[in-house]
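Please read this briefing alongside the sequence and the coordinates shown below.

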Amino acid sequence: MEVPQHISIIMDGNGRWAKKQGKLRLFGHNAGAESVRACTEYCTEIGVKYLSLFAFSEENWERPAEEVNGLMQLMFKYVIGEHDTFMNNNIRFRVIGNYEHLPEDLMAAVHREEEVTAGNTRMTMILMLSYSGKWDILQAARHYAADCLAAGRQLPLDEAGFSNYLATAGIPDPDLLIRTSGEQRISNYMLWQNAYTEFYYTPVLWPDFRKNDLEQAISDFNNRQRRYGKVE
Ligand code: IPE
Ligand code: IPE
Ligand code: MG
């Protein structure tokens with residue numbers, strides 16, 4: 001069986017999971033952290049090199065303050081609390097997104113953890129926080145324009161060159177994108193990077209998503225024929 005080099009997950013359905021039990025949405029987000037742990041562990045075991053998880057979108061800032069604050073606290077707790085997991089399993093931790101919108105204490109913890117795990121090589125785990133695909137493309141275009149201005153001329157640009165301006169520079173495009181909770185949309189996630197990614201949708205809500213669900217997604221991925229527009 002082929003193990004995808006880069007698996008990406010749109011972790012959706014926390015709110016509905018909580019509602020089903022008559023609980024507050026934050027209860028679902030808390031439970032979702034356990035799924036993150038399970039997936040990280042399993043991906044490390046089977047040899048996935050990159051695991052990126054969509055945890056909070058630029059659009060999610062529009063949610064009620066109570067939920068947003070609770071989520072930021074949860075992220076902080078996660079970054080601090082997972083230190084041993086990252087070190088014991090040789091995992092490099094990264095956060096990608098619009099840092100400008102993220103709280104300072106969270107960013108300080110993130111940078112610390114990014115630094116101490118920078119030399120870890122088994123797998124890179126990326127939390128996509130305050131991320132959106134259009135934001136990423138726009139910030140890349142702005143950086144390119146700034147470089148042209150600094151150089152005093154229009155610099156050459158091809159697809160590989162543009163990828164290097166994206167926030168995900170250096171990370172190979174996702175091979176498999178999983179979305180939980182039954183939604184079948186991209187919700188402004190890695191628009192450029194998912195150009196040839198295989199999509200897998202499952203009705204399972206994120207807090208219920210476990211190793212066996214991931215196994216099923218990978219087995220489905222193995223039945224796909226990736227043609228990249230060519231003829232076999
Ligand atoms: C995903 O779960 C987590 C975030 C977007 C932060 P939701 O909070 O979107 O849960 P549903 O979709 O409302 O069930
Ligand atoms: C996408 O889920 C964002 C994350 C999972 C972090 P949403 O719940 O925000 O997406 P929509 O609103 O259903 O498209
Ligand atoms: Mg949702």
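The second largest pocket has a volume of about 180 Å³, where a pocket is an open set of points on a 1 Å grid over the protein atoms alone, fitting a 1.4 Å probe and having protein on both sides within 12 Å along at least five of seven lines, and where the volume is the space filled by probe spheres set on the points, joined across faces, edges and corners. This is a predicted model in which local features need pLDDT of at least 70 and side-chain atom pairs count only at pLDDT 80 or more, while totals for chains, interfaces and linings use all residues. Residues are numbered from 1 along each chain as its sequence is written, chains are lettered from A and ligands numbered from 1 in the order in which they are written, and side-chain values use heavy atoms, with hydrogens and water left out.

**Second largest pocket**
- Its lining, meaning residues with an atom within 4 Å of a point, consists of V95, I96, G97, N98, Y99, E100, W135, Q139, H143 and A167.
- Two or more of these residues come from each of β3 (91–96) and α6 (133–151), helices being DSSP runs of H or I with at least four residues and strands runs of E with at least two, numbered from the N terminus.
- The largest share, three residues, is given by α6.

**Largest pocket**
- About 630 Å³ of space lies in the largest pocket, and of its 31 lining residues, M11, N14, H29, A55 and R63 are the closest to its centre.
- With five residues, α2 gives the most to this lining.

**T180**
- T180 sits in the loop between β5 (176–179) and β6 (198–201), and it counts as buried because its relative accessible area is 0%, the cut-offs with a 1.4 Å probe on protein chains only being under 20% for buried, over 50% for exposed and partly exposed in between.
- Beyond neighbours within four places in sequence, T180 is in contact (heavy atoms within 4.5 Å) with residues including I10, M11, D12 and W206.

**Aromatic pairs**
- There are 13 aromatic pairs, counted for rings of Phe, Tyr and Trp (its six-membered ring) with centres within 6.5 Å, and called stacked for planes under 30 degrees apart, edge-to-face over 60 and tilted for the rest.
- F56 and W61 pair edge-to-face, at 4.8 Å centre to centre and 70 degrees between the planes; F56 is buried at 1% relative accessibility, whereas W61 is partly exposed at 23%.
- Ring pairs also link F54, Y131, W135 and Y189 into a cluster.
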